[in-house]
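This report describes a protein model, first as a whole and then through one of its helices. The sequence and structure come first.

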Amino acid sequence: MRIEWTDKFKAGVEKFDSQHKGLIALINELQRIISVGGDNKELEKVVTEIYEHKKNHFADEERLMLDHNYPEFEQHARDHAEMLDKLLKCKQDLVTGDKMVTVELAGLMSDWLTNHIAEKDSRYGRFFNDRGVY
Ligand SMILES: [Fe+2]
Ligand SMILES: [Fe+2]
């Protein structure tokens with residue numbers, strides 16, 4: 001099922017909202033490949049793109065948090081690091097041909113949208129907005 005951008009994903013910092021939209025586009029591409037039974041090479045390519053996208057995005061979020069002494073920085077950065085670890089493991093599983101990895105990837109991405117972007121990223125919006133960052 002295609003994920004559409006809605007306000008529940010809105011963090012309120014323009015750059016990060018547009019990066020989150022880019023991530024949703026990649027997740028939709030991942031779902032498309034899974035739904036047509038795409039091969040592991042194709043999956044590996046999109047997972048690599050997701051990994052690179054996240055790595056850059058996380059660095060941007062964390063830099064702004066550090067600049068403004070965001071109180072939840074440590075826990076937030078830990079979430080990011082765990083996600084990158086999990087993605088690397090999925091990539092490894094794709095290389096070794098583990099079939100269940102598609103289920104794991106789909107679950108990982110939908111949890112991320114609900115539990116990280118719609119919750120934890122949304123929380124920093126107000127904090128940054130109060131400091132003049134939109
Ligand atoms: Fe984010
Ligand atoms: Fe985040």
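The protein has four helices and zero strands, where helices (H or I, at least four residues) and strands (E, at least two) are DSSP runs, numbered from the N terminus. From the N terminus on, the order is α-α-α-α. The radius of gyration is 15 Å, close to the 14 Å that the globule rule gives for 134 residues, so the protein is as compact as a globular protein of that length. This radius is taken over C-alpha atoms, and the rule is 2.2 Å times the number of residues to the power 0.38.

This is a predicted model: local features need pLDDT of at least 70, side-chain atom pairs count only at pLDDT 80 or more, and totals for chains, interfaces and linings use all residues. Residues are numbered from 1 along each chain as its sequence is written, while chains are lettered from A and ligands numbered from 1 in the order in which they are written.

Of the 134 residues, 17% are buried. A residue is buried if 20 or more other C-beta atoms lie within 10 Å of its own, exposed if 12 or fewer, and partly exposed in between, with C-beta atoms placed from the backbone.

Helix α1 covers residues 14–35. Its two sides are listed below.

| Side of α1 | Residues |
|---|---|
| Buried | Phe16, Gln19, His20, Leu23, Ile27, Leu30 |
| Exposed, on the face turned away from the buried side | Glu14, Ser18, Lys21, Ser35 |

The cover over the buried residues of α1 includes α2 (40–67) and α4 (101–130). After α1 comes Gly37, with a positive phi near 65°.

Notes. The expected span of a helix is 1.5 Å times one less than its number of residues. Two residues are in contact if their C-beta atoms, placed from the backbone, lie within 7 Å.
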